[in-house]
Each structure stands twice: as C-alpha cells, then as structure tokens.
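Work through the exercises below with the sequence and the structure open. Each task is followed by a worked solution.

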Amino acid sequence: MAVFSACTPTGEQNQTKVYYDLEGFVKKQIALLAKEKPLVDKAATIKQQTQKQQTRDIDWAHELELFVQADLNKPAFRSSYAISQSDPLSYTYTLKPEEDKLTVRSLSIQLDSATRQPRRIEALLRTKNLLYESDRHVLMTCAPSAGNEWRVQQYTIDGYQQLRFFERNDFGINASIK
C-alpha cells in the first residue's frame, strides 16, 4: 500500500478552491483561442513608442500568462486574501496587510448572471525587492462569441519595470479579439 501512495498525486489537486478558479478559466481560454486563431488588433507600447498590428499568430499561453499568475488558488495563499462581494456576481480579493511579500495585490472578478462565466477580470501584480520593482495591471473582458462560446473579447496589460540604478520602463498592451 505504501508503494502506491508514493505514486499518487499530492492532495493539491483534490483541494477545494477557496477563490475563483482563474487559472482554470484562463487555460480554457488559451486552448480555445489557440484552436480558433481569431484575428486580433493589438497595440504594444514600450517607452512611449507604440506598435500596432493585426494578427492571428499569437502564442496565447505566453500572451495571457499574467492572468494565470493572478490565480490565488495555491495552498500557501489559502488565507492570504480578504474576500468581499458588492453583489452576488462580483468578487474582490485583496491581499491582507501582513502578506505584503506576495505578488498578487488584488483580484476582482465580475460574473455573468446567466452563465456564471467571468465578464470582467482585473488584477494588480507587484514585485519589489532590493534590485527590481514592477507593477502590472491586467484587465480582461469576456462575452459570448459568435458560436455562443464564452470567450475573451479584450485585454489590457499596463505597468512598469525598473531595475535599481536604471530608468523606469513603462509598457502596455491593448488587444481586441475579433
């Protein structure tokens, strides 16, 4: 019996989700978008220079990685966030003051009343140490697509990165999915 228990996955997979399963939702979106290859209008700004493009060729796992990182359902985070609801379809998770070392500072999710799928996801991620500082504000809006499947419609990522002793680098991505 002990031999089999060593081969079984950890209890992490079986744990009840304390917070909304953002990682699960975003990974489904990544798979859907990779399969559909929709046309995307994308503007990327780095150091006040903007490049615009229209493309179907996007690495969705890379593109939506910050949204996956904003998921709070890690065992170590179980009691790190205060949960508030302004209504039954809106959840806001805010980092407790004593947990100031964690990256995700806040996460807000607004669900659709009919489908219970996220209409709007917004998060603030912050990293700060002796050598590096970064803030990332991510926002995703979703709605039913042409096939009535719930899908990302638009997303933005704004923020900055700054290495100690170097100039601050502001960046932004704004994308609309057709």
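**Exercise 1: Hairpins**

Task: Find how many residues lie between S7 and S8 in their hairpin, and which residue in the turn has a positive phi.

Solution: The hairpin of S7 and S8 has five residues between its strands, and Asn148 in the turn has a positive phi of about 70°. Strands are DSSP runs (E, at least two residues), and helices are DSSP runs too (H or I, at least four residues), numbered from the N terminus. Next, the pairing: S7 and S8 are antiparallel, with 13 bridges; two strands count as paired if DSSP finds at least two bridges between them. One example is Asp135, whose bridge partner in S8 is Tyr160. Then turn to S6 and S7, a hairpin with three residues between the strands. They run antiparallel and are joined by nine bridges; here Arg126 has Asp135 as its bridge partner in S7.

The model is predicted: local features need pLDDT of at least 70, side-chain atom pairs count only at pLDDT 80 or more, and totals for chains, interfaces and linings use all residues. Residues are numbered from 1 along each chain as its sequence is written, and side-chain values use heavy atoms, without hydrogens and water.

**Exercise 2: The sheet**

Task: Give the order of the nine strands in the open sheet, and explain why one side of S2 and of S3 is left without a neighbour.

Solution: The order is S2-S1-S9-S8-S7-S6-S5-S4-S3, with antiparallel pairing. Strand S2 (49–55) and strand S3 (81–87) are at the edges; each has a single partner strand, so one side of each lacks a neighbour in the sheet.
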